[in-house]
Amino acid sequence: MLLVALVLVLSDAEPQYTFSHPDMNAPPDLCNREKSRTVRNIVRQLVLNEVDSEFDLPDDCPLDPEQDMYLEHEEHKHTVLTNDWKCGYCGKHFKSESFLDKHLHRKHADTIDKERTVCLADLCDVFVCDNKYDQRGSDLLKPSCDQNAMKRMNHKCLALIHRCFPPEMSVESHRLSTLLGNRICSHFSCDYKGLSPMQALQEREEPSYQSRFLFVITIVFGFVFGVFACAMLLYYREITPSSDLQFLFGKRHRLSKVKGF
């Protein structure tokens, strides 16, 4: 009965609407939204989290959220359920984030601020969102490694960090330039054995997934234990006559009184 009731509750909670489908014939995005999303997440967690709210990024810093061309669209994406994405502009629902991305590109491109021109996907090589320069995960770079290519990428990465955090601008900017230069750029070396930015981000997010898993396991175990306890109670009630139960409980009550003396 409990299982039936749970199924009925869940079925009633399902949204009463149909999913929309994007126009698959729309022209492709010039900036890859999925890679931009990956870089945006890395920048938020590994870079901007170290920056004080009073610190002013230079106007030409590509990592400044105010320069992110797709930030406006990302802020108008809402997750209703696991496979239910809602457009914050028109309220339409889609089965996947990629479908919603296509819809935003096709129907709401006019909402993008023309002054925001940075495509974060262009920085994918610096933040290693596709593992191209990942020494620990790429078979193409093992056992051989192009040291010159690594040096070029290291210089490109440090130039980006110094552009956003000029060492000569202030003491705080110098500190951030050193800290983030080591954190983001040091993996561009054939001898590096640590984590790439993408791996560091995944390692940070891993505990949250573990806690969610433990929470779900606890809920399921509690539900199963409750059902088992109810079933055992009903079973013993059926096989034990009510008169026998009254006799047993009465006998225990009398014995407790005798012991009390």
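**Figure 1. The structure holds one aromatic pair.** The model is predicted, so to speak of local features a pLDDT of at least 70 is needed, side-chain atom pairs count only at pLDDT 80 or more, and totals for chains, interfaces and linings use all residues. Residues are numbered from 1 along each chain as its sequence is written, and side-chain values use heavy atoms, with hydrogens and water left out. Phenylalanine 55 and phenylalanine 165 form the aromatic pair, which is tilted, at 5.8 Å centre to centre and 35° between the planes. Phenylalanine 55 sits in the loop between α2 and α3 (71-74) and phenylalanine 165 in the loop between α6 and α7, 110 residues apart, and the pair thus links distant parts of the chain. Rings of Phe, Tyr and Trp (its six-membered ring) pair if their centres lie within 6.5 Å; planes under 30 degrees apart count as stacked, over 60 as edge-to-face and the rest as tilted. Phenylalanine 55 and phenylalanine 165 are both buried; buried means under 20% relative accessible area, exposed over 50%, and partly exposed in between (1.4 Å probe, protein chains only). Helices (H or I, at least four residues) and strands (E, at least two) are DSSP runs, numbered from the N terminus.

**Figure 2. The largest nonpolar core has 33 residues.** Those with the most contacts inside this core are Val39, Val47, Leu63, Phe127, Phe165 and Ile184. Two or more residues each come from α2 (33-47), α5 (124-127), α6 (147-164), α7 (171-185) and α8 (197-239). Helix α6 gives the most, with six residues. A nonpolar core is a set of buried Ala, Val, Leu, Ile, Met, Phe, Trp, Tyr and Cys residues joined through side-chain atoms within 4.5 Å. Leaving aside residues up to four places away in sequence, valine 47 touches Ile42, Leu63, Phe127, Phe165, Leu180 and Ile184, where contact means heavy atoms within 4.5 Å. A second, separate core has six residues, among them Cys31, Tyr70, Cys119 and Ala121.

**Figure 3. Arginine 33 lies over the face of tyrosine 70.** The distance from the ring centre is 4.0 Å. A charge sits over a ring if NZ of Lys or CZ of Arg is within 6 Å of the ring centre and within 35 degrees of the ring normal.

**Figure 4. Strands β1 and β2 run antiparallel.** Four bridges join β1 (residues 77-81) to β2 (residues 84-87); two strands pair if DSSP finds at least two bridges between them. A hairpin of two residues joins β1 to β2. Histidine 78 stands opposite lysine 86 in β2.

**Figure 5. Arginine 40 and aspartate 68 meet in a salt bridge.** Their side chains are 2.6 Å apart, N to O. Arginine 40 lies in helix α2 and aspartate 68 in the loop between α2 and α3, so the pair ties together parts 28 residues apart in sequence. Arginine 40 counts as buried at 5% relative accessibility, as does aspartate 68 at 4%. A salt bridge is a side-chain nitrogen of Lys or Arg within 4 Å of a carboxyl oxygen of Asp or Glu.

**Figure 6. Arginine 163 forms a salt bridge with aspartate 60.** The closest N and O atoms are 3.7 Å apart. Arginine 163 is in helix α6 and aspartate 60 in the loop between α2 and α3, 103 residues apart. Arginine 163 is partly exposed, with a relative accessible area of 42%, and aspartate 60 is partly exposed, at 44%.
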